[in-house]
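Let's take a walk through a protein model together.

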Amino acid sequence: MNNNTLDKYKKAIRKKYEIEKEGEYFDYLYSPSRGKLRDFCWLIFENGVTQDDLNVFRNLFSIDFDYTKKKKFKDQKDKFRPIETFLKGETDPSNIDAINLAAIMVDFQPRPFKNFNKVCRMEDAIQVENSYNAKAVVEAEKKIRKRAAFAENEKSGEYPEKKRLFSNFATLFSKRGDQKSYPEKTIRFSSG
């Protein structure tokens with residue numbers, strides 16, 4: 001399990017908690033206690049959740065969610081202590097199921113952690129792919145620019161210094177070349 005990704009997951013859940021504690025479930029989340037969190041958890045699961053959420057419930061409480069087992073669930077109050085301290089920012093729990101239940105309680109997506117981790121890995125892969133693509137695009141643009149510059153030089157008759165050797169040699173012995181080199185002298189040729 002990647003600790004960096006787990007830390008991102010925890011921070012994201014805490015941020016979502018800061019938003020949600022002022023929202024619709026203010027009574028349960030603003031000043032969370034084990035009892036309030038337990039009652040809120042039951043309310044959430046009563047209203048229907050995903051299979052992943054049910055798996056988190058089963059892993060944390062060692063029972064399947066069942067409407068008829070509310071009394072047995074009431075005895076699970078101590079299981080909410082790490083969630084309470086996590087949401088308050090007092091502790092940093094290592095129990096992934098407690099963290100996943102906190103994500104359920106603040107309706108954080110993507111959850112559980114395995115889905116969050118998968119999304120992070122896909123984003124990382126996309127970033128790496130984009131960086132490779134960006135390098136390829138830059139290289140292609142460099143080649144295009146070189147070709148365009150060469151084509152422009154061909155049209156205008158100008159060539160880079162390396163390619164001017166012959167043209168420099170030819171102009172050295174021509175009338176124009178002498179006039180460019182010695183503009184103050186008038187050179188006359190006569191045929192005779």
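Start at the end of helix H6, which is followed by Gly89, a residue whose phi is positive, near 80°. Helices here (H or I, at least four residues) and strands (E, at least two) are DSSP runs, numbered from the N terminus.

This is a predicted model, in which local features need pLDDT of at least 70 and side-chain atom pairs count only at pLDDT 80 or more, while totals for chains, interfaces and linings use all residues. Residues are numbered from 1 along each chain as its sequence is written, and side-chain values use heavy atoms, with hydrogens and water left out.

Now zoom out. The protein has ten helices and zero strands. Of its 192 residues, 28% are buried, where buried means under 20% relative accessible area, exposed over 50%, and partly exposed in between (1.4 Å probe, protein chains only).

Back to H6, which covers residues 81–88. Which of its residues are buried? They are Ile83, Glu84, Thr85, Phe86 and Leu87. These buried residues pack against helix H1 (3–20), helix H3 (34–46), helix H4 (51–61) and helix H7 (96–105).

Let's look at two of them. Thr85 counts as buried because its relative accessibility is 8%. Leaving out residues up to four places away in sequence, Thr85 touches Glu90 and Thr91; contact means heavy atoms within 4.5 Å. With neighbours within four places set aside again, Ile83 is in contact with Leu37, Leu60, Ala98, Leu101, Ala102 and Met105.

Ile83 also leads us to the largest nonpolar core, which has 34 residues, and in which Ile83 and Leu101 have the most contacts. Such a core is a set of buried Ala, Val, Leu, Ile, Met, Phe, Trp, Tyr and Cys residues joined through side-chain atoms within 4.5 Å. H1, H3, H4, H6, H7 and helix H8 (113–156) each give two or more residues to this core, and the largest share, seven residues, comes from H7. In soluble globular proteins, nonpolar side chains tend to be buried together.

What about the cysteines? Cys41 is buried because its relative accessibility is 0%, and Cys120 is buried too, at 6%. The model has zero disulfides, a disulfide being a pair of cysteine sulfur atoms within 2.5 Å.

Finally, consider confidence. The mean pLDDT (the predictor's confidence in each residue, from 0 to 100) is 80 for the protein. Confidence is highest in H7, at 94, and lowest in helix H10 (residues 175–181), at a mean of 55. Where pLDDT is low, the predicted coordinates should not be read in detail.
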